[in-house]
Amino acid sequence: MQQPHDILFKTLADPTRRAIFERLCRDGEQTVGALTAGSGVSQPAVSKHLGVLKQSGLVRDRQAGRRTHYSAQLGALAPLIDWTSQMAGFWENRFDDLEDLLKRMDQ
C-alpha cells in the first residue's frame, strides 16, 4: 500500500503537473482554458493532469455554469511536510553525531 507522501511525490514528479499546481497556488482558481493558455500544453493534456492532481487531493474542482474551476488544496501537502520534517530531524541527528565524533577525534 502506498503511503500518502509517495502518492504526492509521484503526482508532483511530472513537471507539467507540478507547473499546473504551482500556477494554481500562485494565481488562484483557474479554468482549464485559463490553465491551457500560454502553457504550451494541449487542453486534453491539461485536463488529464488536472484529473491526476484531483485524484491525489492536490486540486479541487467547482462547477460554475458550464465551466469547471480548479483550485489548489494546500492542506493536501501535509504528508510531504511531515515527511520532510522527519528527514530533517534524521539528518540533523546524524550531523550532530558526526560533529561529536570529530570533536572526540581531535582530542
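This is a short tour of the structure above, stop by stop, for use with your viewer.

Before you start, note that this is a predicted model, where local features need pLDDT of at least 70, side-chain atom pairs count only at pLDDT 80 or more, and totals for chains, interfaces and linings use all residues. Residues are numbered from 1 along each chain as its sequence is written, and side-chain values use heavy atoms, with hydrogens and water left out.

**Stop 1: Ile7**

Select Ile7, which sits in helix H1 (residues 4-13). Helices here are DSSP runs of H or I with at least four residues, strands are runs of E with at least two, and both are numbered from the N terminus. Ile7 is partly exposed, at a relative accessible area of 33%; the class lies between buried (under 20%) and exposed (over 50%), using a 1.4 Å probe and protein chains only. Leaving aside residues up to four places away in sequence, Ile7 touches Gln2 and Ser56, where contact means heavy atoms within 4.5 Å.

**Stop 2: the aromatic pair**

Next, show Phe9 and Trp83. A search of the whole structure finds one aromatic pair, and the ring centres of Phe9 and Trp83 are 5.1 Å apart with planes at 85 degrees, so this pair is edge-to-face. Rings of Phe, Tyr and Trp (its six-membered ring) pair if their centres lie within 6.5 Å; planes under 30 degrees apart are stacked, over 60 edge-to-face, and the rest tilted. The pair links distant parts of the chain, with Phe9 in helix H1 and Trp83 in helix H5 (residues 78-106), 74 residues apart. Phe9 is partly exposed at 37% relative accessible area, and Trp83 is partly exposed at 29%.

**Stop 3: H2 against H4**

Select helix H2 (residues 15-27) and helix H4 (residues 43-55), which pack at about 75 degrees with their axes 10 Å apart. H2 and H4 are therefore roughly perpendicular. On the H2 side, the contact uses Thr16, Arg17, Ile20, Phe21 and Leu24; on the H4 side, Val46, His49, Leu50, Val52 and Leu53.

**Stop 4: the hairpin**

Finish with strand S2 (residues 59-64) and strand S3 (residues 67-72), which run antiparallel and are joined by six bridges. Pick Gln63 and you will find Thr68 of S3 opposite. The hairpin has two residues between the strands, and Gly65 takes a positive phi near 70 degrees there.

Key
Axes fitted to C-alpha atoms, helices over the stretch in contact; angles between N-to-C directions. Parallel < 35°, antiparallel > 145°, perpendicular 65-115°, else oblique. Pairing = 2+ DSSP bridges.
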